[in-house]
Amino acid sequence: MNTYENLLVEHRDGIAIVTIDRPKALNALNAATLAELSKVVGTLAEDTSVQVVIFTGRGEKAFVAGADITEMQAMSATEARNWGKFGQKVFAAIEALPQPVIAAVNGFALGGGCELAMACDIRIAAENARFGQPESSLGITPGFGGSQRLPRLVGTGRAKELLFTADVIDAAEAFRIGLVNKVVPVGRALEEALAMAGKIASRSPVAVGYCKAAANEGMNVDLGSAIAYEAELFGLCFAAPDQKEGMTAFVEKRKPVYGTR
Ligand code: CO8
């Protein structure tokens, strides 16, 4: 049973689909929605039956059109700092989920919506998706990690252009600059995300989890430390049953059968 007011959470064959469900406000993140996101992420992190998580938005028009501007309008500096810190914490928790996380981006992904998509591991965009960090047009900076994750994804020059101009770019341009992995016809983002999630779920959950940990950790430390961490994880794979199953299946010319994570 769905226990959330602004989210729909569905489980299909080891894949959890979290839909931001505030279509009247183009799925903008108000405080209640962000609190629910925090809750669901905590639950998913503990759920060993979930192999992959997908975030999407309700309807074809918007993934998430940003943080809720009406709620932010009258905030004091202290309230805004705390609001930003809370959003950053929720998005960091999404990034740190032990499972791979895919954003199925339908329509607008602006401000906090683009930041939510960037906290995911992989982004699949419908042709009508629109991305941007329009905060400078509202007199603010991004507050949920956008000024940091955008340059890491697309490089500092392109990120600064988007941050300074507040330009909104289409899915094709987002693909060209590396902000999204794939562009698909309108209405197919979730389907494509499910197909990719199914493929990921068929791989070794141990190996996939370690790949995510290695790639994430490596972005925050120097190359030598990152390579050393990879060696640790590579060694740990050989202490887990998936390596035996994967390599035995190869030698026996059959498909490997892995357990859940
Ligand atoms: N917040 C609140 N309500 C919104 C938002 C939003 N971000 N976006 C859309 N809505 C509402 C509209 O007000 C409108 O409501 P109503 O029908 O009651 O008037 C409804 O959704 C439909 O929107 P529009 O009528 O505007 O639809 P259009 O098709 O004309 O335009 C746009 C679509 C272009 C997406 C337009 O709605 C828009 O520009 N939205 C705002 C986009 C934006 O600037 N987002 C960034 C917000 S700032 C942010 O996310 C910062 C995150 C970090 C904050 C941390 C700070 C501490």
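This is a predicted model: local features need pLDDT of at least 70, side-chain atom pairs count only at pLDDT 80 or more; totals for chains, interfaces and linings use all residues.
Most residues other than glycine have a negative phi. Asp13 is not a glycine, yet its phi is positive, at about 50°. This residue is found in the loop between strand S1 (7–12) and strand S2 (15–20). Asn27 likewise is not a glycine and has a positive phi, of about 60°. Its place is the loop between S2 and helix H1 (31–46).

Are these two residues buried or exposed? Asp13 has a relative accessible area of 77%, and it counts as exposed because that value is over 50%. Asn27 has a relative accessible area of 0%, and it counts as buried because that value is under 20%.

The ligand comes next. It is surrounded by 24 residues, and the closest are Lys61, Ala65, Ala67, Ile69 and Gly112. A polar backbone atom of Ala65 is 2.9 Å from a nitrogen atom of the ligand. An oxygen atom of the ligand lies 2.7 Å from a backbone N or O atom of Ala67, and a polar backbone atom of Gly112 is 2.8 Å from an oxygen atom of the ligand. On its own, the ligand has 1,100 Å² of accessible area, of which the protein covers 63%.

Which elements supply at least two residues each to the shell around the ligand? They are helix H2 (69–72), helix H3 (77–95), strand S6 (108–110), helix H4 (112–119) and helix H5 (135–138). H3 gives the most, with three residues. By type, the shell consists of 14 nonpolar, five polar and five charged residues.

The largest pocket holds about 490 Å³ of space. Its lining has 15 residues, and those nearest its centre are Glu95, Arg149, Arg152, Asn216 and Met219. Two or more lining residues come from each of H4, helix H6 (146–154) and helix H10 (205–218), and H6 has the largest share, four residues. Six of the lining residues are nonpolar, four are polar and five are charged.

The second largest pocket contains about 400 Å³ of space. It is lined by 25 residues, of which Met72, Glu135, Ile140, Thr141 and Gly143 are the closest to its centre. H2, H3, H4 and H5 are the elements that give two or more residues to this lining. The most come from H3, with six residues. This lining divides into 13 nonpolar, eight polar and four charged residues.

Conventions: Residues are numbered from 1 along each chain as its sequence is written. Side-chain values use heavy atoms; hydrogens and water are left out. Buried means under 20% relative accessible area, exposed over 50%, partly exposed in between (1.4 Å probe, protein chains only). A residue is near a molecule or strand if one of its heavy atoms lies within 4 Å of it. A polar contact is a pair of N or O atoms within 3.5 Å; within protein, one must be able to donate a hydrogen and the other to accept it, and residues adjacent in sequence count only if both atoms are side-chain atoms. Accessible areas come from the Shrake-Rupley method with a 1.4 Å probe; for residues, only the protein chains shown count as cover. Ala, Val, Leu, Ile, Met, Phe, Trp, Tyr, Cys and Pro count as nonpolar, Asp, Glu, Lys and Arg as charged, and the others, Gly among them, as polar. On a 1 Å grid over the protein atoms alone, a cavity is a set of points where a 1.4 Å probe fits but cannot get out, and a pocket is an open set with protein on both sides within 12 Å along at least five of seven lines; lining residues have an atom within 4 Å of a point. Grid points are joined across faces, edges and corners, and a volume is the space filled by probe spheres set on the points.
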